[in-house]
Every structure is written in structure tokens, then in C-alpha cells.
Amino acid sequence: MAIVQWKNYKDTTERYFVFFLLYVLLTEFSGYIIPHLYQRKSQFVYNLFITISYSFYLHWFASFLKRPKLILLLSLVFLGAIISSLVYENFFIHLWGYAFRTGAVIFLFCATLYYSDLLKQDAVINYLTSRKFWIISGLLIFHIGFLPLEMLQRQKGIVSTLNYRLALTFLNIILYGFITFGFYAGSRN
Amino acid sequence: MQDPEIDIENIFLVLFSIILLVIGALVFLFVVFNTRKNELIQQKLKEALAHQEKVHELQLNALRGQMNPHFVHNSLNAIQYYIQMNDVESSEKYLSKFSKLMRLFFEYSRKKQISIADEIKLLNNYLEIEKLRFEDKLNYVIIIDPLLDIEDEQLPVMILQPIVENAINHGIFHKSTKGTVSITFKKIHHGFRIYIEDDGIGILKSKQLQKNLLNRHKPHSSNVVEDRLQLLKESNLFDISYSIQDVSETGKTGTKVVLDFNLNL
């Protein structure tokens, strides 16, 4: 959908999303194929994804939130979380908990700011055809579901691998469903 | 090794919690945004309505201020005629009536509505001047229903004067004999009705004359009246239905205009 609708949003703040989504596809493919081909953990692929994706979201929020100092501060906080993960969590063996949790909280905070700004604008009348609204809502729903799941999964025995995968699949369907609809609805704006 | 039953219970518990959390967040999000959207739409509608009313008011003000320049020109010409004829008495009388009409005109043009009594005062003054101009060729009569409270009932300022002006300039003016304009105010169950009748040449013949004169534009006063009535209706200030008919078919000649003022707004 992002490729099909490219001409409708190539001049908007969402123009890099198509490349980001291709990167998501590459990550998922690598994350699945590496353990099968090389019999080694693919955690580094996801750690790289955490770093790049939250940096991308921060850059995206900076392009329309009009709060450069706050975004700079949040970027520094996220950088601190990455450094902590680098120091305390193995890049190749463990999923970076510090970086993910910090990135997720920063995302939730920025999403709240976006909603708060949108509710004050006339654009709220057409919120259902807003590409940003659907993308952020999809990501918000994903994080609301995934953040507690990830924290529970770290407590061994509380959430099984099967549970984790089922919940993640469900959240991914909602996330990419919202993003797909966002690109479709945005073109009808 | 975990017990499979506990594991299935666990799966349902985790999935159910996540689904509940997601649905809750979604419902909250859409309820908040839909509520705000509806509030904003209501607010925008109110603003648009207020803006439209303002535009209508300004348009009505502009239309109220349009007095036919021909009438002013003709009146001043008539005064000039009496002066040239050394008829000081008539020219003074004419000038006095004209100045009184101008004063009333400027006074009323600041108002949105006036009582029927005030409108009659203005019409009387106007018709007196026209009578002077037409000399013996014009007669007029104003009939008021005793059931109608002319001091209390209101109507838009100077709504009748342009219609009467049309009756004189397009009906009586082309008639070779003496003509009469009659204005009747009548009480009806939902308001009041005004008839403006003339025994002139009739609207059909008048239009034909206009065509022959190659002056194809609609009479100025007629446009003003129709525009004003439409704006008054759109502004919810007055609901006035307007009809015009040629009475030549009934054996007589002339034009009849009927204005129905519906007060059940």
C-alpha cells in the first residue's frame, strides 16, 4: 500500500516510511532466516532494529511536533538507554531491554503529544483520513500490548514462548493493519 | 515440563489481557476523537451560520440603502420644473415633502424593521411626491383592516416602497388615463397580507414595452425586492411570500402584488 500510494505522500513527513517498512521486512526476514541458516541467535538483528526504528520515530516526530528541544532531550535519553544496553546487555545474545523499554515509553509520550496537538486543531474533523493518526495509533496499540508482554516475558515462566508469539502476531496484525489503512485513508484525504 | 492445561489457561489469560488492553485503548482513542470532532463540527457550523447571518445583514443593509436614483432624479426635475415656471408655492411644497421623505428614508435605513404605521407614513409621503409629479394622472388609496394592529405589527424597512414605485413607473406611467394605486393591509390567521394593486397597463404589456425599448434589464426595484425577500427568508428574520399577477385577464387592466407575512417563524 505504501508503494502504491507513494505519489500521494512523497511530499509529506511520511515520505521515508516506505523505506522504513522495507527495512522492517528485511529485519523480519533476517530474524527468521539467520537461526535457520547459521544456527545462531538473531537478537542482534532486532537490537539493530530497536535502535534504528526508535531513532526513525524520533526523527519523524521532530518533523511535525514543533518541539525541537524536547525531541533533542528525548533523543539524548534514548542514546543513554542504548549505551546502557551496550554496556549491560549482550548485543548478539540478549534482546536490548533498556533500549526497547525507553524507546517505547518515549514513543508513547510523543504519541500523547501528537494526540493532544491534534485535538486542539481543526484537522481533528478529518482525523479518520489522517495518515499520521493511523500510523501512530497502530504503533500505540502495538506498544500498549507489547510493553507489558515484553516485561512479563523476561520473568521466566510467566509467559511461554507460544503465548509471546501469539500475542506478538496479534499485535503485529493490528499494527500493520492500521499502517496499511493509514496509507489507504491518507490518499482519500 | 509445564502442565498442558495450565499452559492453555495461561495462553488464554495472556491473550485475553492483551486483547482487552488493546480494545480498551482503541475504544478510548476513538471515543475521544469522535467527541472532539463532533464538538468542532458543531462549533464550525455555528461560526458559519453566524458568518452567513452577518453577510445577510450587510447585504440587507446595502439593499435597504438603495433608493432608486431615477426617483431622486425625477423628483428634483419636477422641483426644477416648478421653479422654472415660477410656481414658488408648488416648488416649496414639493421640496418640503421631498426633504421629509429623505429624512424618513435615512432614519429608517438604519433600522431592520419598522411598524406598519411607520411604513404607511413613508408610503404616504412618497405617494404625495409622485402625485405632484404625475399631477392629476395618479390617485392612490390605502386601506387598513381594523383588526390589524399597525402600531404593533412589524415589517422590513421600505419593503413596499419599491413595489409601489414599480406600480407607478411600469403600470400607471404608460397609461393614457388616470390611474390608481391601492394598498390594502389585511389581517390573516398566521400574520398579515398586503395587496398592492394598480390599474395600469399590466405587467405583461409593461414587459413587452421594455423589450421594445431594447431595455432588457429587469426593473431595478423588482430586483431589490426579490433579493431582499430571499435574504430575509434565509436569515430567518421574516418569512414573506411574494406573488405578482397580471389582472388583465379578468376584464380589467393592471397588476396585483400580494405579500404574505407569515409570523409563525
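What follows is a short chat about a predicted model with chains A and B.

Student: How many residues does each chain put into the A–B contact?
Tutor: Chain A gives 19 residues and chain B gives 16 residues.

Student: Which helices of chain A supply at least two residues each on that side?
Tutor: α6 (131-154) and α7 (161-187) of chain A each do.

Student: And what is the make-up by class of the side of chain A that touches chain B?
Tutor: That side has 14 nonpolar, four polar and one charged residues.

Student: Back to α6(A). How does α5(A) cross α6(A)?
Tutor: The axis of α5(A), residues 97-120, comes within 10 Å of the axis of α6(A), and the two cross at roughly 145°. The crossing is left-handed.

Student: Which residues meet there?
Tutor: From α5(A), they include Phe100(A), Ala104(A), Phe107(A) and Ala111(A). Among those in α6(A) are Ile136(A), Leu140(A), His143(A) and Glu150(A). By class, this contact has twelve nonpolar, two polar and two charged residues.

Student: Different topic. What span should α2(A) have, and what does the model give?
Tutor: Helix α2(A), residues 17-38, has 22 residues, so at 1.5 Å a residue it should span 32 Å. Its end C-alpha atoms are 30 Å apart, which agrees.

Student: What comes just after α2(A)?
Tutor: Gln39(A), with a positive phi of about 50°.

Student: Now chain B. Where is Lys121(B)?
Tutor: Lys121(B) is in helix α4 of chain B, residues 116-134.

Student: Why does Lys121(B) count as partly exposed?
Tutor: Because Lys121(B) has 15 C-beta neighbours inside 10 Å, and buried would need 20 or more, exposed 12 or fewer.

Conventions
Residues numbered from 1 in each chain as written. Chains lettered and ligands numbered in written order. Predicted model: local features only at pLDDT ≥ 70, side-chain atom pairs only at ≥ 80, totals over all residues. Contact = placed C-beta atoms within 7 Å. Helix = DSSP H or I, 4+ residues; strand = E, 2+ residues; numbered from the N terminus. Nonpolar A, V, L, I, M, F, W, Y, C, P; charged D, E, K, R; others polar. Expected span 1.5 Å × (residues − 1). Axes fitted to C-alpha atoms, helices over the stretch in contact; angles between N-to-C directions. Left-handed = near helix turned anticlockwise from the far one by under 90°.
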